[in-house]
Amino acid sequence: MKSVLIIIAARDFNETEFFSVKDFLERNGVRVFIASDASGLCVGDKGSKIKHDVSFSNMKSANFDAVAIIGGNGILNYTENNKLKKVIRNFVDESKPVGAICNAPAVLAKVGVLKGKNATAYKEARGIIESEGGVFTESPVVVADNIVTAKDPDAALEFIETLFYLLEK
């Protein structure tokens, strides 16, 4: 059985994206693990409280088949989080599918994995992507190698279907 690590911010993660991604994966027989650096429950942008399964200090790419980073305003606080950046780099280096939606592609850009690659994101992340050498596009979903980026919650279903396709390859 495949497993996917879903990364959410401790505060202000996008609930629409989170529930769309989690529900799709679970309906398709994928084991889902939620990672965060929250000391307690994670709180979404609409007030939902989510318990995470894995702390940032315990994330290991070897334990999962793919990673999906959920957007929202809170994820922008993680662009310099070294533990998160290291695990993302490991997923990319191991050629495992990596997905980021909304503001989350800003984290991928700061890892350096979007340099010279097409990517999309919510408007707040565009400057970070471009300043780190990524090529910003307005498409709802963009695939570059094993990296999937998506613009916003409206693209959540296409995003997770695309990541799932890469996971099943």
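Reader: Hi! Before we get into details, what is the secondary structure of the protein chain?

Author: Hello! This is a predicted model, and its protein chain comes to five helices and 12 strands.

Reader: And how does the radius of gyration sit with a compact globule?

Author: It agrees: for 169 residues a compact globule would come out near 15 Å, and the protein chain has 14 Å. Along the principal axes, the C-alpha trace spans about 35 × 30 × 30 Å.

Reader: Nice. What share of the residues is buried?

Author: Of the 169 residues, 55% count as buried. The accessible surface is about 7400 Å², and carbon and sulfur atoms make up 45% of that.

Reader: What about contacts between residues 24 or more positions apart?

Author: They account for 64% of the contacts in the protein chain with a separation of 6 or more.

Reader: Let's zoom in. Where is Y78?

Author: Y78 sits in the loop between β7 (66-69) and α2 (82-93).

Reader: A loop tyrosine, then. Is Y78 buried or exposed?

Author: Buried, because its relative accessible area is 7%, and the cut-off for buried is under 20%.

Reader: Which side chain does the Y78 side chain make a polar contact with?

Author: That of D37, at 2.6 Å. Apart from residues up to four places away in sequence, Y78 touches A9, A10, D37, F56, L84 and V107.

Reader: You mentioned A10 as a neighbour of Y78. Where does A10 lie?

Author: A10 is in the loop between β1 (3-7) and β2 (11-13). A10 counts as buried because its relative accessibility is 15%, again with under 20% as the limit.

Reader: What does A10 touch?

Author: Not counting residues up to four places away in sequence, A10 touches S36, D37, A38, L41, C42, V43 and Y78. So D37 is in contact with A10 and also with Y78.

Reader: And what separates the C-alpha atoms of A10 and G44?

Author: They are 8.0 Å apart, while the two residues are 34 residues apart along the chain.

Reader: Changing topic: which strand holds T149?

Author: T149 is in strand β12, residues 147-150. T149 is buried, with a relative accessibility of 1%.

Reader: What does the T149 side chain reach?

Author: The backbone nitrogen of T120, at 3.0 Å. Leaving out residues up to four places away in sequence, the residues T149 touches include A100, P105, L108 and L114. A119, T120, P140, V141 and V142 are also among them.

Reader: One more threonine, please. Where is T162?

Author: T162 lies in helix α5, residues 156-168. Its side chain reaches the backbone oxygen of E158 at 2.7 Å.

Reader: Why does T162 count as buried?

Author: Because its relative accessibility is 19%, and buried means under 20%.

Reader: Which residues is T162 in contact with, leaving aside neighbours within four places in sequence?

Author: V141, V143 and V148.

Reader: Great, thanks for the tour!

Conventions
Residues are numbered from 1 along each chain as its sequence is written. This is a predicted model: local features need pLDDT of at least 70, side-chain atom pairs count only at pLDDT 80 or more; totals for chains, interfaces and linings use all residues. Side-chain values use heavy atoms; hydrogens and water are left out. Helices (H or I, at least four residues) and strands (E, at least two) are DSSP runs, numbered from the N terminus. The radius of gyration is taken over C-alpha atoms; the globule rule is 2.2 Å times the number of residues to the power 0.38. Buried means under 20% relative accessible area, exposed over 50%, partly exposed in between (1.4 Å probe, protein chains only). Contact means heavy atoms within 4.5 Å. Accessible areas come from the Shrake-Rupley method with a 1.4 Å probe; for residues, only the protein chains shown count as cover. A polar contact is a pair of N or O atoms within 3.5 Å; within protein, one must be able to donate a hydrogen and the other to accept it, and residues adjacent in sequence count only if both atoms are side-chain atoms.
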